[in-house]
Amino acid sequence: MERSEKRSKERLRVCVATCNRADYSKLAPIMFGIKSHPEIFDLEVVVLGSHLIDDYGNTFRMIEQDEFDIGSKLHTIVRGEDEAAMVESVGLALVKLPDVLQRLAPDVLLVHGDRFDALALATAAALMNIRILHLEGGEVSGTIDDSIRHAISKLAHYHAVCTRSAERHLISMCEDHSHILLAGCPSYDKLLSAHQRDDYTDIIKSWLGDAVKEQDYIVALQHPVTTNIKNSIKIYELMLDALISFNKKTLVLFPNIDAGSKEMVRVMRRKGIEQHPNFRAVKHVPFDQFIQLVAHAGCMIGNSSCGVREAGAFGTPVINLGTRQTGRETGENVLHVRDADTHNKIYHALELQFGKRYPCSKIYGDGNAVQRILKFMQTIDLSEPLQKKFCFPPVKECISQDIDHILETQSALAVDLGGTNLRVAIVSMKGKVVKKYIQLNPKTFEERIELILTMSKQAMADAVHLNCRILGVGVSTGGRVNPQDGIVLHSTKLINEWSSVDIRTPLSSALHLPVWVDNDGNCAALAERKFGHGKGMENFVTIITGTGIGGGIIQHNDLIHGSTFCAAELGHIVVSLEGPECMCGSHGCIEAYSSGLALQREAKRLHDEDLLLVEGMTVKNKEQVNAIHLIEAARLGNSKAESVLHTAGTALGLGIVNILHMINPSLVILSGVLAPHYENPVRQVISQRALLSAQETKVMVSELEDPALLGAASMVLDYTTRRTY
């Protein structure tokens, strides 16, 4: 009890940290209020950021002119005015702040707004167990400032907001309602009481010249948008062009220190604004005088928050350019120009707005914010636990689950569109095919889409009973695929009417799931990366030896698609200038020698010449001769069949040697029904034909039963585990 009484008699040590001219305009009224109650508060002032930079007006001097004792001046800005400099400035501030905060030992740190300097202040204070009062949290705008503002709000213990909407936003962000004060904007206290000064005409003349009349000039203030610097510079240039054409006296303030400001200043100087008779370019205007200039301007233009906030208190017409203030609450005095390709749109906005007057708006305050904030600070209980509490909305209590159960039930729907069959499967996270569906692939486009949807819907219904949660759909298909848009650009001759087909949209619309689509060779490589020999390998190649020859290339853990999505068309590597014709129209491709269709062609030729069958072999009436018959004949000692297989294996081996010399993988995986028959011939050709540095490359036969289905599933499952695809 004695400690509590002692604490109540002590003054509340309040540290106000200001980073730039804009936040000082909001903090100064509070600082004056704190200073006027020395029996309650002990004020410490820390100055950092652009206040201490000559190019931005050395604005710390106006703090001294207001007769505040600056306890610490921290040079925290790393020059460069680009993204990296902003990051380095935050880092420099974090290095310097601990000593200052430790020495001052404040009870409460006042932080304003959404600047990167303020983020450093909040981070340091939070880590040093100092209570933070954040001003103007919960607001919405259109830049990186949004993210910074909300991050500061999450670090802050108390909040003083300007609008009802901002209060609701903080509550929805799980901030404690009892720690949120709807105060209004502190700068409005000064605006509403001081903008009718009798000497405003003298202020106008001192900045713009004796001939300039009230409401016959423009105030321009444009800052970079750090998330789209190039566009913000373009808008700035167009604004200056429009102002030059509009031919009115204009006060142009230099942009703030954000990334892109240096380029904006270059634009201003390139256009000769500093020497132009209609313009006055300045780095800083004292806030008291800036109020008068904005209040009596014919128009304000740019993207400063002053335009959408403070200017509304005077009814000054405003043209808000670009996206920096997107989402801000504004009065009817604001006309938005979100984007412009020429200066004509901005010029037209100037014609509409210049010289008009609007009703004064009090969206951001009623003139009593400081009084409320001082009273709110007196209620801060320093004996209350420092650990911040969040007010999460009530949710149904979770049922604890075993991780293996989760891995088994999270599943993908995999679709494999083959030349003969259409297959759909439910595949678990571990790569187990839980259930498979097979139908003959229809010949027409309409029938094929209808069958895919029917089979997929059936699988979705069955997944519920199998306790499988379907996370998405992966589609494997032959031919060239644009995986970014989910479009089959054109397929193989085996799949008719399958060119420029958007397969993602109908599946996603019908099943209400995300859909991925890729070439079957690429899918085989993805299957190996997730479930097969390629697991943990950075660089490898998968070759599919089936009806055709395809494959996929994994380089640095990523699947290679190529600029027009035809990378890894490995079956069309030419190994002979005068070889047999391939289905692609060329001659001598690997596929023309080593694919199932090529072996079938040779088997039929030998059978027609009565050179295929040997003792122990029969071909039933009407049975179509295929590659299996050729392989069986070779196994039983048919020299002609052996020769065909040797040529096919050599052709495949030569193609793989070319691959080794081009991309130098650490592993080659042979997949498909013909893979076991090609393993030894491929190794032999590599040992004979490859460069010495590539001869040790491993060649393995895939152990996966359904690489196309597993690869289609892996596109979904990799996404759910946040692996980039």
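Predicted model: local features only at pLDDT ≥ 70, side-chain atom pairs only at ≥ 80, totals over all residues.

Entry 1: Residues are numbered from 1 along each chain as its sequence is written, and side-chain values use heavy atoms, with hydrogens and water left out.

Which residue forms a salt bridge with D216? I found K248, with the closest N and O atoms 3.0 Å apart. A salt bridge here is a side-chain nitrogen of Lys or Arg within 4 Å of a carboxyl oxygen of Asp or Glu. K248 is partly exposed because its relative accessibility is 25%.

Entry 2: Next I looked up R324 and D145, whose closest N and O atoms are 3.8 Å apart in a salt bridge. This pair links distant parts of the chain, 179 residues apart: R324 is in the loop between β12 (318–321) and β13 (334–337), and D145 is in helix α6 (residues 144–155). Helices (H or I, at least four residues) and strands (E, at least two) are DSSP runs, numbered from the N terminus. Are these two buried or exposed? Both R324 and D145 are buried.

**Entry 3: the wider search.** I searched the whole structure and got 33 salt bridges. I also noted a network of them that links K26, E136, E139, R309 and E310.

Entry 4: I then looked for cavities, which are sets of points on a 1 Å grid over the protein atoms alone where a 1.4 Å probe fits but cannot get out; lining residues have an atom within 4 Å of a point. The search gave four of 30 Å³ or more. The largest cavity holds about 650 Å³ of space, a volume being the space filled by probe spheres set on the points, which are joined across faces, edges and corners. It is lined by 38 residues, and N20, A22, D23, H223 and S305 are the closest to its centre. Helix α2 gives the largest share of this lining, five residues.

**Entry 5: one more cavity.** The second largest cavity has about 50 Å³ of space. Its lining includes Q222, N231 and T323, and α10 gives the largest share, three residues.

Technical notes:
Buried < 20%, exposed > 50% of the residue type's maximum accessible area, 1.4 Å probe, protein only. 1 Å grid on protein atoms, 1.4 Å probe; cavity = no way out; pocket = protein on both sides within 12 Å on 5 of 7 lines; lining within 4 Å.
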